[in-house]
Amino acid sequence: MTDVPPSFEFLPGDADSPVILHVPHSAREIPADVRSGIVLDDAELERELDHITDAHTAGIAEAAARAAGLTPWRFVNRLSRLVVDPERFPDEREEMLAVGMGAVYTRTTHKDVLRPDGHDAGPLIERYFRPYARAMTEAVAGRLAATGRAVIIDVHSYPSAPLPYELHGEGPRPAVCLGTDSFHTPPGLLGAAREAFAPCGETGLDSPFAGTYVPLEFYGKRAEVSALMVEIRRDTYMTEPGGPAGPGLSRLASALGALVDAATR
């Protein structure tokens, strides 16, 4: 037996819903054998988790699923992104390698050493990254088979002030940043998101974070797979960097639920 939770969880929604709420960065859990490869002491690691974790986003997605007229499916990472980051490319295509934040991080949000130089990312990629990618691919394929389309809505958050690791931190930091892809983000989905999140403050586009997550099997190939990244500025719903949620959470969950409804129609 082990006290380590499953790496991820796929929570079923309504059979007729094409929507998958994807929550990749909400957890803080790190298995003991993975923890041993991280050079930070316990206090330093807790501080890093405060900065790097998209705190409470799983709760926002859960409340949105309850609020939606047709329950969306939810794919939730149950381990910290410090184990692996399932949204990175696992090879040289990943621009975040420049700051030590490929699929397996070697540097912290403040550019300090997280794992020693020469760390072999291979075992973590095989144990955690590839099974996650396969399961997400299967989840999307399931929605395509059942409904003829799939809508991936990525639920993230980001700090109100730029962290040193950010490659594009000099741009606007709106209350809600909508990350898009030229192939997979149709205008109707983007418009629905702007409308849904209007009560939550200013929405912006692709700043400070851009792009969407689509499994590589479908990326750039299947227009029936649409995708949007929702990046919520943390001061709108929680105490930064790693504190409790506040009243803004329910407003954001309602807005996300409204987006789910619009994407389902």
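Pro241 sits in the loop that runs between strand S7 and helix H6 (248-264). In this predicted model, the peptide bond leading from Glu240 into Pro241 is cis, and its omega is near 0°.

A cis peptide bond also joins Ser207 and Pro208, here with omega at about 10°. Pro208 belongs to the loop between strand S6 (203-205) and strand S7 (225-233).

## Residues with positive phi

The loop between S6 and S7 also holds Asp206. Asp206 is not a glycine, yet its phi is positive, at about 55°. With a relative accessible area of 27%, Asp206 is partly exposed, because its value falls between the 20% limit for buried and the 50% limit for exposed.

His56 is another non-glycine residue with a positive phi, near 70°. The loop that carries His56 lies between helix H2 (42-52) and helix H3 (57-67). His56 is partly exposed, its relative accessibility being 27%. For background, most residues other than glycine have a negative phi.

## Helix H3 and its cover

Which residues of H3 are buried? They are Thr57, Ala58, Ile60, Ala61, Ala63, Ala64 and Ala65. The elements that cover these buried residues of H3 include strand S2 (19-23), strand S3 (73-77), S4, S7 and H6.

## Val155 in strand S4

Val155 is part of strand S4, which covers residues 150-158. Is Val155 buried or exposed? Val155 has a relative accessibility of 1% and counts as buried, because that value is under 20%.

Leaving aside residues up to four places away in sequence, Val155 touches Leu21, His22, Val23, Pro24, Thr57, Val230 and Leu256. Ala27 is 128 residues away from Val155 along the chain, and the C-alpha atoms of the two are separated by 13 Å.

## The chain as a whole

The protein chain contains six helices and seven strands. Read from the N terminus, the elements follow the order β-β-α-α-α-β-α-β-β-α-β-β-α. The radius of gyration of the chain is 17 Å, close to the 18 Å that the globule rule gives for 265 residues, so the chain is as compact as a globular protein of that length. The C-alpha trace spans about 50 × 35 × 35 Å along its principal axes.

Of the 265 residues, 54% count as buried. Among contacts with a separation of 6 or more, 78% come from residues 24 or more positions apart.

## Surface and charge

The chain has 25 positive and 38 negative side chains. The centres of the positive and negative sets lie 2 Å apart.

Definitions and conventions. Residues numbered from 1 in each chain as written. Predicted model: local features only at pLDDT ≥ 70, side-chain atom pairs only at ≥ 80, totals over all residues. Heavy atoms only, no water. Helix = DSSP H or I, 4+ residues; strand = E, 2+ residues; numbered from the N terminus. Buried < 20%, exposed > 50% of the residue type's maximum accessible area, 1.4 Å probe, protein only. Rg over C-alpha atoms; globule rule 2.2 N^0.38 Å. Contact = heavy atoms within 4.5 Å. Lys, Arg positive; Asp, Glu negative; His and termini not counted. Charge placed at Lys NZ, Arg CZ, Asp CG, Glu CD.
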